[in-house]
Amino acid sequence: MTTASTALLTDHYELTMLSSALRDDTADRPCVFEVFARRLPDGRRYGVVGGTARLLDAITRFRFDRAELDQLAAAEVVDDRTLAWLADYEFTGDVDGYPEGELYFPGSPILTVRAPFATGVVLETLALSILNHDSAIASAAARMVTAANGRRMIEMGSRRTHEEAAVAAARVAYLAGFTATSNLEAGRRYGIPTAGTSAHAFTLLHDSEAEAFRAQVEQLGAGTTLLVDTYDITKGIQTAVEVAGPELGAIRIDSGDVGPLARQAREQLDALGARNTKIVVSGDLDEYAIAALRAEPVDSYGVGTSLVTGSGAPTAGMVYKLVEVAGRPVAKRSSHKESRGGRKGALRRYRETGTATEEVVYTVDNRPELGEHDRELQIPLLRAGQPAADLPTIEQSRERLRQALVSVPWEGLKLSHGEPAIPTTFL
């Protein structure tokens, strides 16, 4: 993990609000802020919480060191009184929220921040930038994993997004059930399995396809994956088996109409005696393309652009709103941007069979009775600014999501447009 300050990963108006609050003595009023999405992206039946662990780390590094203070002073963003206050800033409030890998729905209180106004308001941009990005990618990745129906998934979108976004995307793709990533930095930071062999450039480098395959097999062994569509796929498969033998690990098809090509490749591989050789497909895949390939003899998918851009929904649409001041509920009433006042909790109701039936969002002074199969959704994340005990690991978050998706009514897993997988009731 980096130790660099995250204090300037924020918007100008966060600090001008702070400055004004310090001037009129409202900065210390105890407040509750909540992160929630008013609605799911178009066509989505559920959302997946991603980025919580990254956010907690970023909050601990939200400190104004000399370099940050000098920048604010030089740009005249705030006055000297505010600079002095920021010099001692450290988040000391409490944070509760949905753990990573949990499903969320419209109005779910994904994150609750309890702190004096000045302490909590400055975290708005940081929280939203991380949660909106990571939850969007996690939600898209979960849909792809469901469409793949148990087949191996490799994240390979690093070249299609910002270099740091690529690392974050690889992390939440793994959380959502992807098997591996091509991104080595994600492997280093988060212990995610990495995978990769060669690109078309390696084949073009050599005087013949056979020479390229031979060099790769000699270095990586016959169990490697050979990219067979640089020239002619049929000839490429024949050459691959001739070079590596029938124990060739896999071939990869990266272009064309991959469904028919996969069928033809399977027939050819079987005829050549390479019956155990796997078929990997890549190239502009999304959840819809993956679902369409379910009946084809494909063993693994490599997904890039559509994943790291949220497959059409690059943000989760979350907002960070003040909902309580000194114990008094407050709410925004703007048209189409309403919020519900008061600190809230949430529980999910289940049938005895384990199928989820309802999300219940309630104000904390109106907590409903917990049924035999119901489950509270928020967990402690920070206490007095310090990480709570027993925060889930990424492996535990993977399992949480796997179980959550099993609990969704089957209609809620469809890729077609429709209502959220379960309704939300507000109390």
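# Pockets, sheet and domains of a predicted model

User: Which elements each supply at least two residues of the lining of the largest pocket?

Analyst: In this predicted model, β6 (152-155), β8 (225-227), β9 (250-253), β10 (278-282), β11 (300-303) and α14 (305-308) each contribute at least two residues to that lining.

User: What volume does the largest pocket have, and which residues lie nearest its centre?

Analyst: The volume of the largest pocket is about 760 Å³. Its lining comprises 31 residues, and those nearest the centre are Met156, Arg159, Arg252, Ser282 and Gly302.

User: How do the residues of that lining divide into nonpolar, polar and charged?

Analyst: The lining of the largest pocket has 14 polar, nine nonpolar and eight charged residues.

User: Several strands were named there. In what order do the six strands of the open sheet stand?

Analyst: The order is β7-β6-β11-β10-β9-β8, and the pairing is parallel.

User: Why is one side of β7 and of β8 left without a neighbour in the sheet?

Analyst: β7 (180-181) and β8 are at the edges of the sheet and each has a single partner strand, so one side of each lacks a neighbour there.

User: What about Ser282, which residue stands opposite it in β11?

Analyst: Gly302 in β11 stands opposite Ser282. Both residues are among those nearest the centre of the largest pocket. Their strands, β10 and β11, pair in the parallel sense over three bridges.

User: And how many bridges pair β6 with β11, and how many join β6 to β7?

Analyst: β6 and β11 pair over four bridges, in the parallel sense. Within β11, Ser300 stands opposite Arg152. β6 is joined to β7 by two bridges, and these strands also run parallel. Ile154 has Ala180 in β7 as its bridge partner.

User: Changing topic: what is the volume of the second largest pocket, and which residues lie nearest its centre?

Analyst: The second largest pocket has a volume of about 530 Å³. It is lined by 21 residues, with Leu9, Arg54, Arg61, Ile130 and Glu164 nearest its centre. Two or more lining residues come from each of α2 (52-60), α6 (124-148), α7 (163-175) and α8 (184-190).

User: How many residues of each class are in that lining?

Analyst: The lining of the second largest pocket holds 10 nonpolar, six polar and five charged residues.

User: Which domains does it draw on?

Analyst: Domain 1 (12-138 + 313-426) and domain 2 (151-309) each provide at least three residues of the lining of the second largest pocket.

User: How far apart are the C-alpha centres of those domains, and how many residues are in contact?

Analyst: The C-alpha centres of domain 1 and domain 2 are 37 Å apart. The contact involves 21 residues of domain 1 and 17 residues of domain 2.

User: What does UniProt place at residues 8-132?

Analyst: The unreviewed UniProt entry places the feature "domain: Nicotinate phosphoribosyltransferase N-terminal" there. In the model, residues 8-132 are 42% helix and 18% strand, with the end C-alpha atoms 18 Å apart.

Notes:
Residues numbered from 1 in each chain as written. Predicted model: local features only at pLDDT ≥ 70, side-chain atom pairs only at ≥ 80, totals over all residues. Heavy atoms only, no water. 1 Å grid on protein atoms, 1.4 Å probe; cavity = no way out; pocket = protein on both sides within 12 Å on 5 of 7 lines; lining within 4 Å. Points joined across faces, edges and corners; volume = space filled by probe spheres on them. Nonpolar A, V, L, I, M, F, W, Y, C, P; charged D, E, K, R; others polar. Domains from an automatic or database assignment. UniProt positions renumbered as here; feature names shortened; annotations may be inferred. Pairing = 2+ DSSP bridges. Contact = heavy atoms within 4.5 Å.
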